[in-house]
Amino acid sequence: MTELGIHLKEAREEKGYSLEELQGVTKIQKRYLQGIEEGDYSMMPGAFYIRAFIKQYAEAVDLNVEELFETYSSDIPTNQDDHIPSQLSRVKTRGSKNTSTAFRFIPTVVMVLFVIGIVALAWVLFQSFMAADSEEPEGSEEVQQEEPLSFDQSDDPADDASEEEPTEEAPEEPAEELDEEEQPEEEPAEETLAIENAGTEGDTTSYQITSAEEPLTVTINSDSTWVGITDQAGNQLVDQMLSGSEELTFDASELNWFRIRVGSAPGTTVSINGEQVDFGAVDIITQNMIFEVQNPS
C-alpha cells in the first residue's frame, strides 16, 4: 500500500464512507477505488483515467487535489498530455495577431459611422425644411377662400353663415391627437429572477443570479448522489446523500455566494425558485456550481 493510498483511505474513513458508499458518490467502480488505496493500478485503463479517478476520490473526501498531487507525485502515474499548455500558448499568440489586425479597421469604421451621421443629420434638416414649406400654401389657401366670402356677404348672408361653420370645427382635430399622444405607455414588467451562465472551467461552472424575489430557494432532486453546499467562507451548510428521487430544499436567501457540489450529475436536477439550472460541464460526473447573487437596485 502506497503513502497516497494510506492518506486517501484515512480521509475516507474520517468522512465515514465505506467503499460501497464512495462508489455511489463518485460512480467509480469499487475495485478501482480499492486499487487506488492499495497502489495497484494494473486493472485500470491508463494513466489519464488513474489521475482522473484519484482526483474524483480526493474531491469526494474533501482533500485539496493540487496539494495531494504535488505531495504524492511519486505515487501517481504521469499523464502524457502534460505538453498541451505549450500548444495553447501558440493558439493565444495567433489570436493576438488576429486581434491586432482587427484594430487596423477601427479608424475606417469610425469614419464610415461619422459620414452616416452627417447624412442622417442632413436628411432630418431637409425634412424639417420641407415640412415648413408645406405649411405656407395651406395658409394662402385659407386667405383665398376668405376673399370670395367677402364679395358674397352683400348678396346672401345665409351662405356666409354656412361657410363659416367648418372653420369652427377644424381646431377640434388636433385636440384629439394630443389626447392620444398624452396617454402613458405601459411599462414592461420587470423580471423577478434571472440566472446567467458566467462560464465553465473544468468541473466548475459559475452563475450570476439577479433576483428581486424573497426568499431564494434551492431544490435538488436525484436518484442517487451526494450533495454538499458551502458558503464563501468555506463553511459546510449541507452534507447529505440523496437516493430514490429524494428531494433536498435549501434556503439561500441570506447568501450572496454559495457553492453546490454534486457527486453524480447524471440523474440530478438543480432548480432555483422553480427554474431549472443546467450543469455547465460536459461528460463530467462530479461537478461544482458556484452562484453569485446580485439584487437589482
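**Exercise 1.** Is Tyr 49 buried, partly exposed or exposed?

Solution. This is a predicted model, in which local features need pLDDT of at least 70 and side-chain atom pairs count only at pLDDT 80 or more, while totals for chains, interfaces and linings use all residues. Residues are numbered from 1 along each chain as its sequence is written, and side-chain values use heavy atoms, leaving out hydrogens and water.
Step 1: the cut-offs are buried under 20% relative accessible area, exposed over 50%, partly exposed in between (1.4 Å probe, protein chains only).
Step 2: Tyr 49 has a relative accessible area of 43%, so Tyr 49 is partly exposed.

**Exercise 2.** Classify the ring pair of Phe 48 and Tyr 49.

Solution. 
Step 1: rings of Phe, Tyr and Trp (its six-membered ring) pair if their centres lie within 6.5 Å; planes under 30 degrees apart are stacked, over 60 edge-to-face, and the rest tilted.
Step 2: the centres of Phe 48 and Tyr 49 are 5.5 Å apart and the planes stand at 85°, so this pair is edge-to-face.

**Exercise 3.** Classify the pair of Trp 123 and Phe 126, then the accessibility of each residue.

Solution. 
Step 1: with 6.0 Å from centre to centre and 35° between the planes, the pair is tilted.
Step 2: Trp 123 has 53% relative accessibility and therefore counts as exposed.
Step 3: Phe 126, at 43% relative accessible area, is partly exposed.
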